Amino acid sequence: MIYIIPAVLHLLVCLLIFLGIQFEILSVHKYMFFVALFLPFWGPLIVMILHFQIAFDADDSAEIDVEKLKLESELYRSITVDDKRSDMTVPIEEALIINSARERRSLIMDVLNDNPGDYVEFLQKAGNNDDTEVVHYAVTAMVEISKENDYMLQKLDNEYNANPNDMKVLSEYCDFLWGCLSQNLMQGQVEVMNRELFSQLMHKKIEVSEDISDYARLAENELKRKNFYSAENIISIMGEKWPACDEYILLNIQYLASLNKGDEIRKFITKVENSHIYLSSKTKEALAFWTN
């Protein structure tokens, strides 16, 4: 009986916090409701502290120095969101080792109040930060992102099983699963199982619709699985269909490097250079690296 009253009071406070977040009375992200719910006393206290901190920061924004604005601007423009923007990666560590704890926490709160799913790489690095408060927020956000991804994957799996021949459903399933895998959101046996699933889905997809990006994803996934025989077959098909494409050139070098075939890499690079095909700057940098 002695525990019932505190429990009821805690649930009541959590209800008020939930309503405050829903009606935008509290200036915190919706994920913070779970922090309040699962951390009696300390959770609601953290939510209120964050609310007043964010409100204070908003009033005090005119005092933010030019260096911080430049840092945040560079960070927000260059965080990698998915594989289509991988060329925009920057050293996020710089934003996490700045001297001011207030700036670090303000930055992580900006991410949490924006769209945490778009800043997975940043949150993963923040989870290893020396600041325990930054780590707490980052880990909490990553847990919620994982929950949302699990829900979405289950939803797509049900839709695919109900309509296995629907190419739109298959494409959505492949795209979302690839996003999770390429952002390292899965570990251990879960990753192994989902990479195998992705391989099965992609084999089915390329049987119906041939696209070099699909072959590239499948080949990269096979290399991650260390299934080199399958990767070789896929890359060979890419070479026959798209011999001048960057995806084929880079993946073939990656495949040969995985098997420590230095002589074959040099021969392949010589062949590419002698073909006088147009190469992107990324591919030219890769060829220069292996040439040197």
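**Figure 1. A nonpolar surface patch in the predicted model.** In this predicted model, a nonpolar patch on the surface is formed by Ile5, Leu9, Leu12, Leu15, Leu16, Phe18, Leu19, Phe23 and Ile25. Together these residues have about 910 Å² of accessible area. One of them, Leu15, lies in helix α1, which covers residues 4-22. Leu15 has a relative accessible area of 45% and is therefore classed as partly exposed.

**Figure 2. Overall content of the protein chain.** The secondary structure consists of 15 helices and zero strands. Buried residues make up 38% of the 292 residues in the protein chain. The chain exposes about 17300 Å², of which carbon and sulfur atoms supply 57%. Among contacts between residues at least 6 apart in sequence, 55% join residues at least 24 apart.

Figure 3. In soluble globular proteins, nonpolar side chains tend to be buried together. The largest nonpolar core of this model has 42 residues, and Met238 and Ile249 touch the most other members. At least two residues of this core come from each of α8 (132-162), α9 (167-182), α10, α11, α12, α13 and α14. Helix α9 provides the largest share, eight residues.

Figure 4. Helix α12 comprises the 14 residues 228-241. The buried positions in α12 are Ser230, Ala231, Ile234, Ile235, Met238 and Gly239. These buried residues of α12 pack against α10 (188-208), α11 (212-224) and α13 (246-258). With residues up to four places away in sequence not counted, Met238 touches Ile212, Tyr215, Ala216, Pro243, Glu247, Tyr248 and Leu251.

**Figure 5. Helix α13 and its packing partners.** The 13 residues of α13 should span 18 Å at 1.5 Å a residue, which agrees with the 18 Å between its end C-alpha atoms. Tyr248, Ile249, Leu251, Asn252, Ile253, Tyr255 and Leu256 are the buried residues of this helix. They pack against α11, α12, α14 (262-275) and α15 (281-291). Asn260, which follows α13, has a positive phi, near 60°.

Figure 6. Ser199 is found in α10. Its relative accessibility is 5%, and because the cut-off for burial is under 20%, Ser199 counts as buried. Apart from neighbours within four places in sequence, Ser199 is in contact with Leu218, Asn221, Glu222 and Arg225. Arg225 is 26 residues from Ser199 along the chain, and their C-alpha atoms are separated by 9.7 Å.

Figure 7. Leu156 is found in α8 and counts as buried, at 2% relative accessibility. When neighbours within four places in sequence are left aside, Leu156 is in contact with Val169, Glu172, Tyr173 and Phe176. The C-alpha atoms of Leu156 and Phe176 are 8.8 Å apart, and these residues are 20 apart in sequence.

Conventions. Residues numbered from 1 in each chain as written. Predicted model: local features only at pLDDT ≥ 70, side-chain atom pairs only at ≥ 80, totals over all residues. Heavy atoms only, no water. Helix = DSSP H or I, 4+ residues; strand = E, 2+ residues; numbered from the N terminus. Expected span 1.5 Å × (residues − 1). Buried < 20%, exposed > 50% of the residue type's maximum accessible area, 1.4 Å probe, protein only. Contact = heavy atoms within 4.5 Å. Areas by Shrake-Rupley, 256 points an atom, 1.4 Å probe, with all protein chains shown as cover. Patch = residues over 30% accessible without salt bridge, like charges linked within 9 Å, V, L, I, M, F, W, Y side chains within 5 Å. Salt bridge = Lys/Arg side-chain N within 4 Å of Asp/Glu carboxyl O. Core = buried A, V, L, I, M, F, W, Y, C linked by side-chain atoms within 4.5 Å.
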